[in-house]
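Hello,

Here is the structure I promised to pass on.

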Amino acid sequence: MIKKEITPPPKGMIGPRVVHLSKQIRKVFNEAVIEQGLFSGQQDILINIVENEGITLGALAHRLRVATATASVSVKRMEKAGFIVKKEDESDARIIRLYPTEKAKEAPEKIKEHMDSLESVISRNMTNEQVYELSKLLDLAINNMEKECGNID
């Protein structure tokens, strides 16, 4: 496989640099998720189920802002992979509740460890003051964009 050389963004331009860094971070994040046996995006489902044991599929879909059918496909895959267990509600058998397995409970912490390690790489050779200043400047840029273009959520 031929590795494509990536040209760094032009000096003095913020947007292209943020995009470049974002792609690198997303790549490492996706690798951390895949390492746990998940597909990209399933970490949000997993975290919601771990934090809200017994949540219904409808409530999960609502929290994720997706259609119930969309959430259902991922939940089925995750159940088959051993991350989720479905159980009937004790008082109403028509209601199915979702519970995390032990495997599911361990995955978010392992992903977080990976991301903490990445944070160390990103801030290597920076002083604490520089890390704080960069964070502050990025917050300012984010706020500027949200005021001008709206929030991305």
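The tally of aromatic pairs is zero, where rings of Phe, Tyr and Trp (its six-membered ring) pair if their centres lie within 6.5 Å. This is a predicted model, in which local features need pLDDT of at least 70 and side-chain atom pairs count only at pLDDT 80 or more, while totals for chains, interfaces and linings use all residues. Residues are numbered from 1 along each chain as its sequence is written, and side-chain values use heavy atoms, leaving out hydrogens and water.

Charges do sit over rings (NZ of Lys or CZ of Arg within 6 Å of the ring centre and within 35 degrees of the ring normal). Arg77 has its charged end over the ring of Phe39, 5.3 Å from the centre, and Lys103 has its own over Phe83, at 4.5 Å.

After α4 comes Gly82, with a positive phi near 90°.

Gly82 also meets Thr101: the Thr101 side chain reaches the backbone oxygen of Gly82 at 2.7 Å. Thr101 lies in the loop between β3 and α5 (102–122) and counts as buried because its relative accessibility is 17%.

Best wishes

Definitions and conventions:
Phe/Tyr/Trp six-rings, centres within 6.5 Å; stacked < 30°, edge-to-face > 60°. Helix = DSSP H or I, 4+ residues; strand = E, 2+ residues; numbered from the N terminus. Buried < 20%, exposed > 50% of the residue type's maximum accessible area, 1.4 Å probe, protein only. Polar contact = N/O pair within 3.5 Å; in protein donor to acceptor, adjacent residues only side chain to side chain.
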